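Open the model in your viewer and keep the selection panel at hand. The stops below say what to select and what is there.

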Amino acid sequence: MIDRFDEILQNLGKVFDLDLRADRNHACAIQIKQGLIVQLQCDAAQENLLIASKVVELPPGKFRENVLKEALKANAKLDPIVGIFAYIAKINQLVLFQQYPFDVLTSERLAGLLGPFIQTAEKWKSAILAGQPAPPPSEVSSMYAMKGLRP
C-alpha cells in the first residue's frame, strides 16, 4: 500500500523527471544547485508535508543578531509567506521551513510551491554570504511580483 507521502514523491518525481523516494527515516532530500538541500517529510500524523532547508551557518556575534532580527521581520510579513525562518543554535544554522496539508497538495501544486521556497532560501543565503543581514527588499518583493502576488 502506498501512503500519501510516497504518492506525492512519485508524482513530484515525474514533474521534475527525477526518481524521488523516501529514505529509511521516511524523508526525501533534494539537492538544489550548490549545497542547498530541501528536505521533504510527512508529520507524525501523516496529515501534513513538511519542507525544510538549512539556509546558511551564522557565526556568533552582532551580524548573527542582525540576521535573526531580519528573519523575524520576514516571518511577521503578511501572506503569502513562502516559509518560516528559524535558528538551530546547536548547529548555528538559519533554516527555512513550511508545512502544507496533504489534502490540498498535488504534485504540480507542490512543484509550484517549491520554486519560491528555494528562491527565498537562495536569496537569503547569497545576501548573508555577501555580508548583508537579509536580501534587499526589492529582491524579495520581485519574487512575489513574478507570481502576481503581493509581499
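Start by selecting Gln 132, which sits in the loop between α3 and α4 (137-146). Helices here are DSSP runs of H or I with at least four residues, strands are runs of E with at least two, and both are numbered from the N terminus. Gln 132 is partly exposed, at 43% relative accessible area. The scale: buried is under 20% relative accessible area, exposed is over 50%, and partly exposed lies in between (1.4 Å probe, protein chains only). Beyond neighbours within four places in sequence, Gln 132 is in contact with Phe 63 and Ala 127. Contact means heavy atoms within 4.5 Å. Now draw a distance from the C-alpha of Gln 132 to that of Val 67: 8.0 Å, for residues 65 apart along the chain.

A word on the source. This is a predicted model, with local features needing pLDDT of at least 70 and side-chain atom pairs counting only at pLDDT 80 or more, while totals for chains, interfaces and linings use all residues. Residues are numbered from 1 along each chain as its sequence is written, and side-chain values use heavy atoms, with hydrogens and water left out.

**Whole chain**

Zoom out and colour by secondary structure. The protein has 4 helices and 5 strands. From the N terminus, the order is α-β-β-β-α-β-β-α-α. Of its 151 residues, 36% count as buried. Among contacts with a separation of 6 or more, 56% join residues 24 or more positions apart.

**The core**

Select Phe 5, Leu 40, Ile 51, Leu 94 and Trp 124. Within the largest nonpolar core, which has 36 residues, these touch the most other members. α1 (4-16), β1 (27-32), β2 (36-42), β3 (48-57), α2, β5 (93-101) and α3 (107-129) each give two or more residues to this core. The largest share, 8 residues, comes from α3. A nonpolar core is a set of buried Ala, Val, Leu, Ile, Met, Phe, Trp, Tyr and Cys residues joined through side-chain atoms within 4.5 Å. In soluble globular proteins, nonpolar side chains tend to be buried together.

Keep Trp 124 selected and show its surroundings. Which residues is Trp 124 in contact with, leaving aside neighbours within four places in sequence? They are Val 55, Val 67, Glu 70, Ala 71, Ala 74, Phe 85, Leu 94, Pro 133, Ala 134 and Pro 135.

Next, pick Gln 93 in strand β5. Gln 93 is buried, at 13% relative accessible area. Not counting residues up to four places away in sequence, Gln 93 touches Lys 54, Val 55, Val 56, Glu 57, Ala 86, Tyr 87 and Ile 88.

Select Ile 37, Gln 39, Ala 52, Ser 53 and Lys 54. Of the 17 residues lining the largest pocket, these are the closest to its centre. The pocket volume is about 300 Å³. On a 1 Å grid over the protein atoms alone, a pocket is an open set of points where a 1.4 Å probe fits, with protein on both sides within 12 Å along at least five of seven lines; lining residues have an atom within 4 Å of a point. Grid points are joined across faces, edges and corners, and the volume is the space filled by probe spheres set on the points.

β2, β3 and β5 each supply at least two lining residues. β3 gives the most, with 6. The lining divides into 11 nonpolar, 4 polar and 2 charged residues. Here Ala, Val, Leu, Ile, Met, Phe, Trp, Tyr, Cys and Pro count as nonpolar, Asp, Glu, Lys and Arg as charged, and the others, Gly among them, as polar.

**Salt bridges**

How many salt bridges does the structure hold? There are 4, each a side-chain nitrogen of Lys or Arg within 4 Å of a carboxyl oxygen of Asp or Glu.

- Arg 21 and Asp 19: N to O is 3.0 Å, and both residues are exposed.
- Glu 65 and Lys 62: N to O is 3.7 Å. Both lie in helix α2 (residues 62-75), 3 residues apart, about one turn. Glu 65 is partly exposed at 42%; Lys 62 is exposed at 51%.
- Lys 73 and Glu 70: N to O is 3.2 Å. Both lie in α2, 3 residues apart. Lys 73 is exposed at 51%; Glu 70 is partly exposed at 25%.

**Backbone stops**

Finish with two loops. His 26, between α1 and β1, has a positive phi of about 60° although it is not a glycine. Gln 46, between β2 and β3, has a positive phi near 60°. His 26 is partly exposed at 24%, and Gln 46 is partly exposed at 37%.
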